[in-house]
Amino acid sequence: MHNPAVRESDRSIGIDLGTTYSCAAIVEGGRPQVIRSRLGYSTIPSVVTFDDQGQPVVGQDAERRTILQPEETIYGSKRLIGRTYLPGVVERFQPHFQYKLGPDQDGFVAACVGGRTVPLVEVSSYILRELRIASQRSLGEKVHRAVVTVPAYFNENQRGFVREAGRRAGLEIIRIINEPTAAALCFGFNRAEHKRLLVFDLGGGTFDVSIVDLDGNTFTVVATHGDTFLGGLDFDRRIAEFLQQRAEERLDREIILSPSDRQRLRLAAQDAKHQLSELPRAAVQIPMMKLADGTKIDLTDTIDRHDLDEITGDLVDRTVAVVNETLAMASLQAKEIDEVLLVGGQTRMPAVQKRLREMFGREPTKRIHPDEVVALGAAIAADAHDRDDTATLRDVLPLSIGIGGADGSFIPVIPRNTPVPHEGVATLEIPAGSQVMKIGVFQGEKKTAKANEFLGALGLEGLAVAEQPVSCELVFSLDAECLLRVRASVEATGFEREVTLGTQQTPDQVLEQLGKVRISVPTAAPPDVATAAAGPRGPAPQIEKKGFWQRLKGWLFEDG
Ligand code: ADP
Ligand code: MG
């Protein structure tokens, strides 16, 4: 029913669609602020389940149900969104999830709960819808548009899925920006600063490091790196194992964890971890844990900071190693970083901050809540868009994009850390009498095509000439959001077509179809991130605002 009290809004919101927590924000009176959830929280768990009627339940309500029905609750799904369901790969993921993973209709990883296979794009759309509705309630006006952030690491498929999830949630996603860029925007937009930032983002499931150069309102990501399997959940798991082990030693008996007890232990561990960020000691109490012989006990224990630091020290070491690798990729030293920005709830842990302090010889920036900074930055980007303000965001491609060679090798067409927008060219020499049907497109750093993420197949039907060999040029264009478009042309025949990626086939089928095709990619010098950091390069994309937003049309995934 039409409610005349609810105004239509022409304002756009910012959304951090997080792996473990999601958050919405808006600029009010020139200041970005978080929008409270329906229950009054500043963030909502990125958790979805279904009630008895099959209706989706989202956020804190859904998280509470994880104890009762952990196998029926979808969490952490952002790590899997847009990934093709490949045996071997899925086995590696499955232990991280209590719900069962399966393939959806299109062959992407999906969640099997409530007796059905739920595509993950649907899961994300429920979370986005929840945030949209919370925003409408809080603002008293209808919300239709948003800037949504994704990890810098997200590949083409994953970005496309987020866009689709937005559409299903009734949101036009006016722009997808990378999380570190959003954090840097929140730190430096309209502050006329000239600084080199290191964005250290340790969230619930993933760890990302980016080096971002801030020059007035121009934000240039010069390097990005990370670990997609390192985050707060790993800390929780360590604490849970520690508590269980100590209890078993004390009792001299084994504790058998039911799925729901495992979940209770995990939540208690997380709670203790949060307390230890503020206090030297945390009490843990989990009633009615089941022992191997069927009896039940109350698990009571105390854990202190020293215990925590000892059992998770190697996890913190891993973050430091990734930071060092990122600096090396950008040919920079720690002392050349002007500010370290803390992003992600897990950076509230004192040991993490201490290591960064030691490494950079300065206090990391704590001006903004680490779990809100990304959403606030997205809100700033949304507001800048609404006001037609100037913000220049330059990103780099996080992972190489290339094609599968006839021998199964991976042939990069656009190397990682290339500044975007960018065009890369590959030439296919197609022998006489052969027909090229499909070219597999992959993203990653592995030597073999199949070890990388399969983005889809390019259909090149109708271009092959029977009598003589032809040379087909493929131009890969990445726009400022890292979305990919591919144009194919055969000069000899005048064939020219924009080809879209399809994912109907498996990588094996696509590689098989390549046959005897020879592929060459001009050996361009790898992008020099150090020069990139130093300032404008060659035909550098000086993306001005106007043309910039106009470019964001006709996306590959919207066409398909
Ligand atoms: P996302 O993974 O969605 O980016 P966040 O940035 O909100 O999520 O990070 C979530 C992680 O931060 C969780 O593992 C959570 O336990 C952890 N966390 C939140 N608050 C604290 C705290 N006070 N101390 C330690 N870890 C925290
Ligand atoms: Mg995050």
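**View 1. Contact of α6 with α8 in the predicted model.** D234, F235, R238, I239, F242 and R246 of α6 meet D307, L308, I311, T312, D314, L315 and V316 of α8 (contact: heavy atoms within 4.5 Å). By class, this contact has seven nonpolar, one polar and five charged residues. The axes of α6 (residues 232-251) and α8 (residues 305-329) come within 10 Å and cross at roughly 140°.

**View 2. Packing of α8 with α9.** The axes of α8 and α9 (residues 350-360) lie 9 Å apart, at an angle of about 40°. This crossing, too, is right-handed. On α8, R305, D309, V316, D317, V320, V323, N324 and L327 make the contact; on α9, P350, A351, V352, R355, M359 and F360 do. These residues divide into nine nonpolar, one polar and four charged.

**View 3. Surroundings of ligand 1.** 17 residues surround ligand 1 (a heavy atom within 4 Å). The closest are T20, G204, K273, H274 and S277. A backbone N or O atom of G204 lies 2.6 Å from a ligand 1 oxygen atom. For G345, a polar backbone atom is 2.9 Å from an oxygen atom of ligand 1. For Q346, a backbone N or O atom lies 3.0 Å from an oxygen atom of the ligand.

**Notes.** Residues are numbered from 1 along each chain as its sequence is written, and chains are lettered from A and ligands numbered from 1 in the order written. Local features need pLDDT of at least 70, side-chain atom pairs count only at pLDDT 80 or more, totals for chains, interfaces and linings use all residues, and side-chain values use heavy atoms, without hydrogens and water.

Conventions
Axes are lines fitted to C-alpha atoms, for helices over the stretch in contact, and angles run from 0 to 180 degrees between N-to-C directions. Helices (H or I, at least four residues) and strands (E, at least two) are DSSP runs, numbered from the N terminus. Ala, Val, Leu, Ile, Met, Phe, Trp, Tyr, Cys and Pro count as nonpolar, Asp, Glu, Lys and Arg as charged, and the others, Gly among them, as polar. A polar contact is a pair of N or O atoms within 3.5 Å; within protein, one must be able to donate a hydrogen and the other to accept it, and residues adjacent in sequence count only if both atoms are side-chain atoms. A crossing is left-handed if the near helix is turned anticlockwise from the far one by less than a right angle, and right-handed if clockwise.
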